[in-house]
Amino acid sequence: MDIEEVKELIDCHGEGDYLDFKEEDYHKDNKVELVKDIIAFANSHSIRNKYIIIGIKEENNVCEDIIGICKEKVRDEAEFQQIIKTYIKEDLIVEYKIIDVDGKDLLVIKIPVSNNVNRPFMVKTQIKYLKENEIYIRKGSTTALANKKDLEYMFRENKNSKLIIQSYLDVNLS
């Protein structure tokens with residue numbers, strides 16, 4: 001993970017379909033928002049790497065201050081990767097690293113653009129209010145359920161998608 005790229009994102013970019021700032025890490029006992037955000041960014045139409053940078057105070061979608069995190073309170077990478085494998089359908093590559101920026105520790109979650117070829121990513125196993133097979137997407141600085149137009153765009157852009165949509169005309173109704 002390139003520290004200079006992270007610094008540039010903090011200094012020069014605002015939240016959007018490839019970047020989110022959070023003051024605090026996702027609580028260890030609450031995986032729902034983590035899974036939802038990871039899926040949404042992985043499905044984003046952005047054609048660049050996507051980042052969730054934790055330890056940043058933001059205002060009006062831009063970095064106001066680097067506040068840092070407490071490294072001892074962050075889940076370890078093995079636990080993080082297990083959450084990804086357990087709750088997200090398709091093989092999703094996600095980098096998870098604590099980096100030092102200006103003397104403060106930040107947790108950076110990077111979703112490489114190379115994942116775009118496996119979209120759409122979806123909830124594999126229900127977790128609280130996230131239902132199996134739901135597909136979330138990042139649109140600007142918000143997260144929402146993907147709609148038909150979003151899915152059509154993903155399939156048009158990705159001829160190698162593993163998801164097969166079967167027409168009701170192909171199904172034997174007898």
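This report walks through the fold and some local features of one protein chain.

## About the model

The structure is a predicted model, in which local features need pLDDT of at least 70, side-chain atom pairs count only at pLDDT 80 or more, and totals for chains, interfaces and linings use all residues. Residues are numbered from 1 along each chain as its sequence is written, and side-chain values use heavy atoms, with hydrogens and water left out.

## The overall fold

Let's start with the whole chain. The protein chain has 4 helices and 10 strands; here helices (H or I, at least four residues) and strands (E, at least two) are DSSP runs, numbered from the N terminus. In sequence order, the pattern is α-β-α-β-β-β-α-β-β-β-β-β-β-α.

Of the 174 residues in the protein chain, 45% are buried. Buried means under 20% relative accessible area, exposed means over 50%, and partly exposed lies in between, with a 1.4 Å probe and protein chains only.

## A hairpin and its turn

Strands β3 (residues 56-59) and β4 (residues 62-66) pair in the antiparallel sense over 4 bridges. Two strands pair if DSSP finds at least two bridges between them. Across this pairing, Lys57 stands opposite Asp65 in β4.

The hairpin has 2 residues between its strands. Asn60 is found in this loop between β3 and β4, and its phi is near 55°, a positive value in a residue other than glycine. Asn60 is exposed, with a relative accessible area of 68%. Another positive phi, near 75°, belongs to Asn133, which sits in the loop between β8 and β9 (136-139). Asn133 counts as partly exposed because its relative accessibility is 38%.

Next, look at the loop between β7 (104-111) and β8 (122-123), where Arg119 has its place. At 3% relative accessibility, Arg119 counts as buried. The side chain of Arg119 reaches the backbone oxygen of Ser44 at 2.8 Å, and a polar atom of that side chain lies 3.2 Å from the backbone oxygen of Asn43. A cis peptide bond joins Arg119 to Pro120, with omega about 5°.

## A stacked aromatic pair

A search of the whole structure finds 1 aromatic pair. The ring centres of Phe80 and Tyr96 are 4.1 Å apart and the planes are at 15°, so the pair is stacked. Rings of Phe, Tyr and Trp (its six-membered ring) pair if their centres lie within 6.5 Å; planes under 30 degrees apart count as stacked, over 60 as edge-to-face and the rest as tilted.

Phe80 lies in helix α3 (residues 77-87) and Tyr96 in strand β6 (residues 95-101), so the pair ties together parts that are 16 residues apart in sequence. Both Phe80 and Tyr96 are buried.

## Two more places to look

Asn49 belongs to the loop between α2 (32-43) and β2 (50-54). With 18% relative accessibility, Asn49 counts as buried. The C-alpha atoms of Asn49 and Ile111 are separated by 5.8 Å, while these residues are 62 residues apart along the chain.

In helix α1 (residues 3-12) you will find Glu8, which counts as partly exposed at 37% relative accessibility. The side chain of Glu8 makes a polar contact with the side chain of His13 at 2.8 Å. A polar contact is a pair of N or O atoms within 3.5 Å; within protein, one must be able to donate a hydrogen and the other to accept it, and residues adjacent in sequence count only if both atoms are side-chain atoms.
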